[in-house]
Amino acid sequence: MRRAINAVLFLLLAFAVVASAQTADGEEVGRLINDGASAYRAGRYVEAQKLFEKALELDPEGRRHAHSKHLTLFIARALHQQYRPHDNAPENRAKAEAAVAAYKRVLADERFHEKHHEDAFTAVAYLYRLLGEKEKEDRWILTRATDPSAPNGKRSDAYTVLASKQWDCGYQITERKENKQTIDQGDRGIVVRYKKPGAQRDFDVAQGCVREGLGLIEQALTLNPDSVNAWSYKTNLLRERAKLAQMEGDAAAQAEYGRLADEAQARHTKLQEGAAEKREEVPKAGARVGPVGPRAESGATSPYPAPTPPAATQEGGTPRRRVTVSAGVLNGKAVSKPAPSYPKEAKEAGVSGLVTVQVTIDEEGAVAVAEAVGGHTLLHAAAVEAVRRWRFSPTRLSGQPVKVTGVVILNFVLP
């Protein structure tokens, strides 16, 4: 009996020692996580990475502290913040590649919340773009688009992003100065005539991009028929197709694609108005509170960073109403365009790129309305503030000044 009691006491003592060790390790893990979070918030990202990695070594299974399971994500974000966009030094690119690998480990870990998985997926696409790895970026987004286990809405978003890239490919060619001519026809309004590029290869590239983009956007709409973004890109892709038809001198095809674009625009407008009504009905949520540690403030917009289409206009650039002319991209009409200030938080997060601002220009060339509709949200306020100070050459229709609507595109480049 005494021997049995001694054995039980020995086991209890052993369990107590193990529990005490685990408690001590748990406290150390918690200290490392909190110290790492403090270093991250102070911008000491290398130190934060090392602290998080040490915590992970002590608790690889993520069981000894409430936030241990988030360590892989914390490490990924600390690595991400160390990467300097547009710096192609091998050691700098290695930081981005290490962050990509860490984010992929997050995606493979089922313990993470869906929001964390989405942040990680977006961050990988964003980093591939910054690294100039276009093929890797496209393949990465395509894995989401073709993943039958992913929600249809997410797959639709992925197809839309891929389609947006094809729209941008065509738009950059058709909108070259040498490929179009603006004509004031007096009472008949302002029209834009599109001319075939001097190099046949340019025309073929634009045509191929637009064709592929339309195929991708149809897949997006099959998965989510009510996607506002997908209908927006379908509208603009059809506008590109109409431009190309005009370049070939095919008036019938130009008219048909213009009609289809008008139908897509009407669908987009209806869905957009419905979405706005829903937003007004839903009270604003409070600030999102995450676990101790860094938040995803260095990633990209969601879905993935993509070119933003200009406001869809009637085919040929003809205004829909005599009082307001719809003119697409308005940068070229600006006579004074003060540069925007670069927001401090955007610099710290390594955020850069294009921001699209929807504007209404009054009869005297002043900006009456400005609203950011594309680009990273950290850059929106600065872009709008700058554009409101821009001045444009007044637009006249039949000799009378008119309002103009369109978009202005600003490019934020990290110093």
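Q: How many aromatic pairs does the structure hold?
A: There are 7 aromatic pairs in this predicted model. Rings of Phe, Tyr and Trp (its six-membered ring) pair if their centres lie within 6.5 Å; planes under 30 degrees apart count as stacked, over 60 as edge-to-face and the rest as tilted.

Q: Why is the pair of Tyr342 and Phe412 edge-to-face?
A: The planes of Tyr342 and Phe412 stand at 90°, with the ring centres 5.5 Å apart, so this pair counts as edge-to-face. Tyr342 belongs to the loop between β4 (334–336) and α11, whereas Phe412 belongs to strand β9, so the pair ties together parts that are 70 residues apart in sequence.

Q: Buried or exposed, how does Tyr342 count?
A: Tyr342 counts as buried at 18% relative accessibility, and Phe412 counts as buried at 3%. Buried means under 20% relative accessible area, exposed over 50% and partly exposed in between (1.4 Å probe, protein chains only).

Q: Which residues do ring pairs link into a cluster?
A: Trp167, Tyr171 and Tyr233 are linked in this way.

Q: Which ring does the charged end of Arg144 sit over?
A: It is the ring of Phe121, with the charged end 3.9 Å from the ring centre. The charged end of Lys196 sits over the ring of Phe203, 4.6 Å from its centre. The criterion is NZ of Lys or CZ of Arg within 6 Å of the ring centre and within 35 degrees of the ring normal.

Q: What do the buried residues of α12 pack against?
A: They pack against α11 (344–348), β5 (353–361), β6 (367–374) and β9 (400–412), where contact means heavy atoms within 4.5 Å. Helix α12 spans residues 377–387, and Leu379 and His380 are among its buried residues. Helices (H or I, at least four residues) and strands (E, at least two) are DSSP runs, numbered from the N terminus.

Q: What should I know about the numbering and the model?
A: Residues are numbered from 1 along each chain as its sequence is written. In this predicted model, local features need pLDDT of at least 70 and side-chain atom pairs count only at pLDDT 80 or more, while totals for chains, interfaces and linings use all residues, and side-chain values use heavy atoms, leaving out hydrogens and water.
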